[in-house]
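Me: I have just opened this one and would like to get my bearings. Could you walk me through it?

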Amino acid sequence: MTYAHAITALADPTRRDIIDKLRHGPLPVSAIAADMQVSRPAVSQHLRVLSDAGLLTVTPAGNRRLYAIAPSGVEELRKYLDTLWDDALAAFARAAEEKAKGKNT
């Protein structure tokens with residue numbers, strides 16, 4: 001999946017809450033759904049969207065499935081965000097140089 005799929009998936013606040021819950025390690029859907037304001041089937045739907053976007057891995061563990069953040073999916077998103085940051089820094093550097101030139105003339 002591409003970073004665009006990840007961004008689209010993370011546009012939903014419930015999905016960002018799920019990602020936050022998984023930051024400390026793999027969890028089954030019952031633990032993810034605990035204390036959430038949506039039903040467990042809705043959480044399952046959100047998990048599927050996140051998995052389809054490449055942001056989660058799913059590992060069978062007995063009669064349940066453990067969800068975890070997929071490092072490769074997050075890596076694609078991080079690379080994209082790094083390019084935005086690099087562009088912002090380059091624009092800042094150009095602006096600073098132009099301002100410095102204006103003071104020296």
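**The nonpolar core**

Me: Which residues touch the most other members of the largest nonpolar core?
Reply: This is a predicted model, and in it the largest nonpolar core has 18 residues, of which Ile-18, Ile-32, Val-43, Leu-47 and Leu-50 touch the most other members.

Me: And which helices supply at least two residues of this core each?
Reply: Helix H1, helix H2 (13–21), helix H3 (29–33) and helix H4 (40–52) each supply at least two residues.

Me: Let's take Val-43, then. Where is it found, and is it buried or exposed?
Reply: Val-43 is found in helix H4, and with a relative accessibility of 0% it counts as buried.

Me: What is Val-43 in contact with, leaving aside neighbours within four places in sequence?
Reply: With those neighbours left aside, Val-43 is in contact with Ile-18, Val-29, Ile-32, Ala-33, Met-36 and Val-38. As for Arg-15, which is 28 residues from Val-43 along the chain, the C-alpha atoms of the two are separated by 8.4 Å.

Me: What about Leu-50, which residues does that one touch?
Reply: Not counting residues up to four places away in sequence, Leu-50 touches Ala-9, Leu-10, Arg-15, Ile-18, Ile-19, Leu-55 and Leu-56.

Me: Changing topic: how many aromatic pairs does the count come to?
Reply: The count comes to one aromatic pair. It is formed by Tyr-3 and Tyr-80, and the pair is stacked because the ring centres are 3.8 Å apart and the planes are at 5°, where planes under 30 degrees apart count as stacked.

Me: Where do those two tyrosines lie?
Reply: Tyr-3 lies in helix H1 and Tyr-80 in helix H5 (residues 71–104), so the pair ties together parts that are 77 residues apart in sequence. Tyr-3 is partly exposed, at a relative accessible area of 33%, and Tyr-80 is partly exposed too, at 23%.

Me: One last thing, His-46: buried or exposed?
Reply: His-46, whose place is in helix H4, counts as buried because its relative accessibility is 13%, and the cut-off for buried is under 20%.

Me: And what does His-46 touch?
Reply: Not counting residues up to four places away in sequence, His-46 touches Asp-12, Thr-14, Arg-15 and Ile-18.

Conventions
Residues numbered from 1 in each chain as written. Predicted model: local features only at pLDDT ≥ 70, side-chain atom pairs only at ≥ 80, totals over all residues. Heavy atoms only, no water. Core = buried A, V, L, I, M, F, W, Y, C linked by side-chain atoms within 4.5 Å. Buried < 20%, exposed > 50% of the residue type's maximum accessible area, 1.4 Å probe, protein only. Helix = DSSP H or I, 4+ residues; strand = E, 2+ residues; numbered from the N terminus. Contact = heavy atoms within 4.5 Å. Phe/Tyr/Trp six-rings, centres within 6.5 Å; stacked < 30°, edge-to-face > 60°.
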